[in-house]
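Trainee: I am new to this structure. Please take me through one part closely: the ligand and the space around it.

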Amino acid sequence: MAVVEFIDSAEGGRRRIRLANPATLAPLGEIEIQTSDEVRAAVEGARKAQAEWGGLSFSERGNSMRRALRVLLARQDEFAERIVRETGKPVVEVLTSEIMPACDALAFYARRSAKILADRRVRTHLAKNKKLRIIYRPVGVVGIITPWNFPFMLSLNPTVQALMAGNAVVLKPSEATPVAGVLLEELFVSAGLPEGLFTVVQGDGSTGQALVESEVDKISFTGSVRTGRIVGELCGRRLLPCTLELGGKDPMIVCADANLERAANGAVWGAFANAGQVCTSTERVYVVEDVADEFTELVVKKTGELRQGAIGEFDVGSVIWPPQLEIIERHVNEAVERGAVLRTGGRRNPDLDGIFYEPTVLTDVTHDMQVMREETFGPVLPIMRVRDEAEAISLANDSTYGLNASIWTRNKHKGVELADALQSGSVVVNDCMVSYGVAESPFGGMKDSGIGRANGEAGLRSYCHTRSILVDRFGGKSEPMWYPYSPRMQKLVGRTMRFIWGTPLGRLFS
Ligand code: ADP
């Protein structure tokens, strides 16, 4: 049985998607793919609702988020259960990586948006005759398009930021995980959000595209590099601001002085949590040769202890999106054909009916294999020995991606220096994957991993127009640079420049 099945419409009816639980293959029902007219109507409704919402105080908006938080806390088990059914994740993982960060996002932005987005007075360094005020105002209606790997959290987090900044939101969740969108709708309806302010449109790429082509004022997209490019191109053509949170191929660098037990535990969790379907999963390890054997043995042993399952207590869940399984198999098979050694795993799990790939560890990999160059997005951990840290950094940077990375060393000072040498939007020293979960930490990619920053001050402000208002302080009938121009003025300008940027006293003003 297909887990995601597209059903063509009969006589002008709407196209539908039939879904099943990827872990048990139990049917989950159908959703209708919404049309571009419906998307446009949602955006119109959102604009009407935003007019009033944008005028509320931060504390009033924050109260809505706090109400949503109370609902989420009260219904956490039910929400988790519904997310498990749609994704095949272990319930603990849904609580820790979907519900808990969602609670944090609701509380964090409800409390801090007022400060982050407060009007700011800034002293001007040169134009002393002007007062500068910087203000952050909502962009209007934000279109948010999200993927299936953390369908609840990755939809809620940008939504809360956009709402707290005073915007309305139209959300298009992944066609593989529409229930997450339904849950968000239920959450915000229960929290008493005004009608139209937050709307979910369900569907596939065509619905997403309709949202990008609608009258939204900003797009926040999380998903693959391939689709991100399409969305970015469309936004570029329309000069529509967009944040693109795309893929990663996160390197892990294990130094000779690392706490190997911790590093091995981190590698196993970083690679196999959420069945490796995280944009910040540990997707390649560079371990210096002095400790490579010991580290690898620990990783292989710990990987062998993981329990994969569909029901009850287990550590590694299913692949959520069936086409991903083919990519995982292609990467592993190609690596093995080209000489990589399979230390454990390397196949679909034959004991389970759903879409499962066994946690897999590869050694003897080389940098021309797909498993070291392309995003695998599955439970696969290739380990490569390197001479030293310099070679590790150089190989880590030899990638089209630059989202997140980790460095493992007992010398934290060295860890920070190595982190700085990595071409990566975020780096973690002696931990992994946590960057997105720390609300203050700006999150986003370098190179093909994306454009813009989510979370914290940078993320929240990205849902605003940052505007400046300059007020003249002294009045008077004219300004030195206004008309009339004259040879005297020309001389004065020259003298002023020489004074300000050419003398020690003048530099005090510059
Ligand atoms: P994944 O979910 O595998 O990371 P995608 O990047 O294809 O992969 O999907 C992310 C989101 O983008 C989903 O909600 C999907 O429906 C949507 N999407 C797919 N194609 C387009 C498109 N052309 N324009 C806008 N959104 C799209």
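Mentor: Keep in mind that this is a predicted model. Start with the ligand. It is surrounded by 19 residues, and the closest are T146, K172, E175, S224 and T227. Two of these names come back when we look at polar atoms. An oxygen atom of the ligand lies 2.8 Å from a polar backbone atom of T146. Now the cover. On its own the ligand exposes 550 Å², and the protein buries 86% of that. Its site is the largest pocket.

Which elements build the shell? Helix 7 (205-212), strand 9 (218-222) and helix 8 (225-238) each give at least two residues to the shell around the ligand. By class, that shell holds 7 nonpolar, 9 polar and 3 charged residues.

Follow strand 9 next. Strand 9 also supplies at least two residues to the lining of the largest cavity, as do helix 5 (153-164) and strand 10 (242-245). Helix 5 gives the most to this lining, with 4 residues. The largest cavity has a volume of about 100 Å³. Among the residues lining the largest cavity are L154, N157, S220, T222 and E245. By class, this lining has 5 nonpolar, 6 polar and 1 charged residues. Across the whole structure, a search finds 5 cavities of 30 Å³ or more.

Definitions and conventions. Residues numbered from 1 in each chain as written. Predicted model: local features only at pLDDT ≥ 70, side-chain atom pairs only at ≥ 80, totals over all residues. Heavy atoms only, no water. Near = heavy atom within 4 Å. Polar contact = N/O pair within 3.5 Å; in protein donor to acceptor, adjacent residues only side chain to side chain. Areas by Shrake-Rupley, 256 points an atom, 1.4 Å probe, with all protein chains shown as cover. 1 Å grid on protein atoms, 1.4 Å probe; cavity = no way out; pocket = protein on both sides within 12 Å on 5 of 7 lines; lining within 4 Å. Sits in = over half its atoms within 2 Å of the grid points. Nonpolar A, V, L, I, M, F, W, Y, C, P; charged D, E, K, R; others polar. Points joined across faces, edges and corners; volume = space filled by probe spheres on them.
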